[in-house]
Amino acid sequence: MSAKNLVIVESPAKAKTIEKYLGRNYKVIASLGHVRDLPKSQMGVDIDNDYAPKYISIRGKGDVIKGLKREAKKVDHVYLAADPDREGEAIAWHVSYLLGLDPKDKNRVVFNEITKDAVKNSFKEPRSIDEKLVEAQQARRILDRLVGYSISPLLWKKVKKGLSAGRVQSVALKLIIDREKEINDFKPEEYWTIDAEFKKGRGKAFPASFYGLDGKKTKLPDNDAVQDVLGRVDKAQPFDVTSVVKKERKRFPAPPFTTSSLQQEANRKLNFRTRKTMMLAQQLYEGINLGGKEGTVGLITYMRTDSTRVSSVAKAETSKFIHEEYGEPYAATKIRQGKLQEGAQDAHEAIRPSSTYRTPKSLEKVLTKDQMRLYQLIWSRFVASEMTPAVVDTVSVKLHQNGAEFRANGSHTKFKGFTTLYVSSRDADQKDRELPELAEGDSVTLTKTDPAQHFTQPPARYSEANLVKALEENGVGRPSTYAPTIETIQKRYYVKLSARRFEPTELGEIVNSLIVEFFPDVVDIKFTANVEGELDAIETGEENWVKVIDQFYKPFAKEVDHAEEGIEKIQLKDEPAGFNCDICGAPMVIKMGRYGKFYACSRFPDCRNTKAIVKEIGVICPKCGIGQVVERKSKRNRTFFGCSRYPDCDFVSWDKPVGRNCPKDGHFLVEKRSRGGVQVVCPNGDYEEAIQK
């Protein structure tokens, strides 16, 4: 007997998981993502006819579409069970069109987690396709196409073939380049601190820091200011404890993950790239085979969300778990009596485990190492978010002598609360600092002073986590766009990762300066965020999609016309290199390549001689003492440093020499880049300087 119902989802993994829950009356097949899209060979948008999109079947999807049609003919009913967001709704709508289904029919089912209950419940209440959601997705697709296909040809004319510009990627690139400019323009300022140690009687020494003079906070701009303070302080005389303030402070857990906060935390804590995080989360959502009775189950809720809401069912289950595992004082909500109503599965919930009782430990045998690390992160963060706050006793103490004031701060965790389970990367450095029992009127003695010179640091380059945070805070892009945006600007070689932070390339700077000059709206953060808000308003029915596109496109089209005229005037000319080709004697020129500029013979293609443009770093070669150290690229595009006199001098180093020698053994010092920042070290391991964050 063949199945009476056909269910269409995006992925084979999801299809496999769901088919098991629905029984033999249902056949579940996958569309393998989108089936129709705008054509690649042309704009595909009829601008004069209300921006009507010209969709075509995606190349290579012919057999999939035939298969969908064939299976649909055999059954009484077709259900469309794509993911619960704009993209999923659009996939359902396109499949519905190809199969000739009535979009008003109630054949759309959505579930926020792939578990037996959630899936079965969603089939009890199918709905019709949400046209507004589809229109919001379509508007985004058309806007991005209008921008990409209008600007890209201009970049091809002006810079080189194969470049592209996009609405969100242009903003991301500009953020990275603006940050680089801030770093380059930064002027370090000197400042000093005085750390000290005090003792009460024969007790243990405790730390304090200089605060100010004569009741005012005082900055220490140089060593003279430090000496002035130390000149006032008499080590032989005691300091008076003039103030002791004790407070009880509560630290609350972070909310459960949204797409953005998951990408940030996985980047900071697990060192995962954004794309990797989303790929692993998708695997956990679509289903993992647990073996035994349970079989394949979706382990987490849908991973594209910007909501931190949690269903009452999940709250109740987690409260019960915390009571059993940690005890009542740790549970934020009391256990409710009686059977809870199964919550309606709507698409806007935080990312959480589909069951709190599936602890990371219980899944050790079925998850890969990386799946486990991500699941552990999601599970711990969610359970912690349902736990009670940590309670910390703090004490701040003022110490005075001769008008000089030092301050000491102490803390003691009275109740761990949620921190027994999870501490976010932002709070990881909050450790207890015990002070001796002090009271106003006590005397303490100064046992040690440690003045230190510092220089203010420039802002750091963006890591993936910081870039996602900046895009989200500025309202640019949405959860589903962060990973592809970050990937695109790297693939185009507009930016590169250096010590896990984004650095713009020369190509990126050229493209950005063109877009800033000719398309100011595209890189205007407020303007782009406003467009995102209007796309959201299409989804809720407050805005009309054609009107939203029209408001954007009319002024943009004028910018395109203006750019076409302007760009013709400033065609990129090959710059003369100032020396001749060593093969044929013709002048060499500077050309633009994928990885930036290089020297090439002006007689190309008759003469194919090219040379890398080497960058001097201002350091004399530590081996021969004659040549300059230059930055070079390996075949795999990895940066290394060598002598400009190569092959006469074969000095080479992966780490950047700093032009100073080790005070211990005389070896040249190098810069090491790590997660923490940049550190000057001796390669022999016997000397290192403080990390510059």
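Lys and Arg were counted as positive and Asp and Glu as negative, with His and the chain ends not counted. Each charge was placed at NZ of Lys, CZ of Arg, CG of Asp or CD of Glu. On this basis, the mean positions of the 114 positive and 97 negative charges lie 5 Å apart.

The model is predicted; local features need pLDDT of at least 70, side-chain atom pairs count only at pLDDT 80 or more, and totals for chains, interfaces and linings use all residues. Residues are numbered from 1 along each chain as its sequence is written, and side-chain values use heavy atoms, without hydrogens and water.

The chain holds 16 helices and 29 strands (DSSP runs, numbered from the N terminus: H or I of at least four residues for helices, E of at least two for strands). Its C-alpha atoms fill a box of roughly 95 × 90 × 50 Å along the principal axes. Of the 693 residues, 47% are buried (under 20% relative accessible area, 1.4 Å probe, protein chains only).

The largest nonpolar core has 58 residues. Such a core is a set of buried Ala, Val, Leu, Ile, Met, Phe, Trp, Tyr and Cys residues joined through side-chain atoms within 4.5 Å. Tyr51, Ile151, Leu467, Phe519 and Phe556 touch the most other members. Helices supplying at least two residues each include α5 (131-158), α6 (167-185) and α16 (545-569). The largest share, 10 residues, comes from α16. Beyond four places in sequence, Phe519 is in contact (heavy atoms within 4.5 Å) with Ile151, Leu154, Leu514, Phe556, Glu559, Val560 and Ala563. Another core, of 56 residues, lies apart; Leu270, Leu299, Leu363 and Trp379 are among its members.

Notes. Buried < 20%, exposed > 50% of the residue type's maximum accessible area, 1.4 Å probe, protein only.
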